[in-house]
Amino acid sequence: MIVAKFKITKSVTLDQEAIPQAIRSSLSEVGALVEKEVRQRTPQGVGGTQSGLRASIFAEQRESPGLFSEVIGSNLAYAEPVEFGTRPHFPPPAALIPWVEKFLSLREGQTAEGVAYLVARAISRRGTKGAHMFEAGLKTAKPRLTGIFERMGLRVATTLIKPKPGGTP
């Protein structure tokens, strides 16, 4: 642990916005990093990289008095089942047709509707495995978060105490 002692010999004022600004800036950096890591791990659906679940991943800063947070998430209802997986259930086969057409090679005589029904039946027996893209994205980004917050501390330390207007630095 490093302990520093300072003796202030000049008249100073505290910059009340230095800490909140540094926190906001650091959280934005954290959000961008984690969002990128999560997107890279999100399965590509029928919409490709420009639409669908991967494109819905966002980072958003939220603030209330004395509390700053960065939320990484998706507004799509199926983000949670993709992240955590599902128990066995029978999804509507029609909803699986676009996925079957994009990702499966149909053999002669097979229809997308028929294969979608078979996929739905398999899900009804086994459920689905989770992709854990949020969990893995955060885990990958975590070692770099310390550096972001250390830099925040340095920014605060260098800007927190400013000379009084008209005084000398």
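**Reading the chain**

Mentor: Start with how much is tucked away: of the 169 residues in the chain, 25% are buried. Keep in mind that this is a predicted model.

Trainee: How many helices and strands does the chain have?

Mentor: There are 6 helices and 6 strands. Read from the N terminus, their order is β-α-α-β-β-α-β-α-α-β-α-β.

Trainee: And what share of the contacts with a separation of 6 or more joins residues 24 or more positions apart?

Mentor: That share is 70%.

Trainee: Let's look at α6. How far does it reach from its first C-alpha to its last?

Mentor: Compare the span with the one expected at 1.5 Å a residue: α6, residues 133-159, reaches 37 Å, close to the expected 39 Å. Still, α6 has a kink of about 50° at Lys-142, shortly before the proline Pro-143.

Trainee: Which residues of α6 are buried, and what do they pack against?

Mentor: Among the buried ones are Met-133, Phe-134, Gly-137, Leu-145 and Val-156. The buried residues of α6 pack against the helices α1 (18-41), α2 (52-56) and α3 (79-84), and also against the strand β3 (67-73).

Trainee: What about the phi of His-132?

Mentor: The general idea is that most residues other than glycine have a negative phi. His-132 is not a glycine, yet its phi is positive, at about 50°. You'll find His-132 in the loop between β5 (128-129) and α6.

Methods
Residues are numbered from 1 along each chain as its sequence is written. This is a predicted model: local features need pLDDT of at least 70, side-chain atom pairs count only at pLDDT 80 or more; totals for chains, interfaces and linings use all residues. Side-chain values use heavy atoms; hydrogens and water are left out. Helices (H or I, at least four residues) and strands (E, at least two) are DSSP runs, numbered from the N terminus. Buried means under 20% relative accessible area, exposed over 50%, partly exposed in between (1.4 Å probe, protein chains only). Contact means heavy atoms within 4.5 Å. The expected span of a helix is 1.5 Å times one less than its number of residues. The bend at a residue is the angle between axes fitted to the seven residues ending there and the seven starting there.
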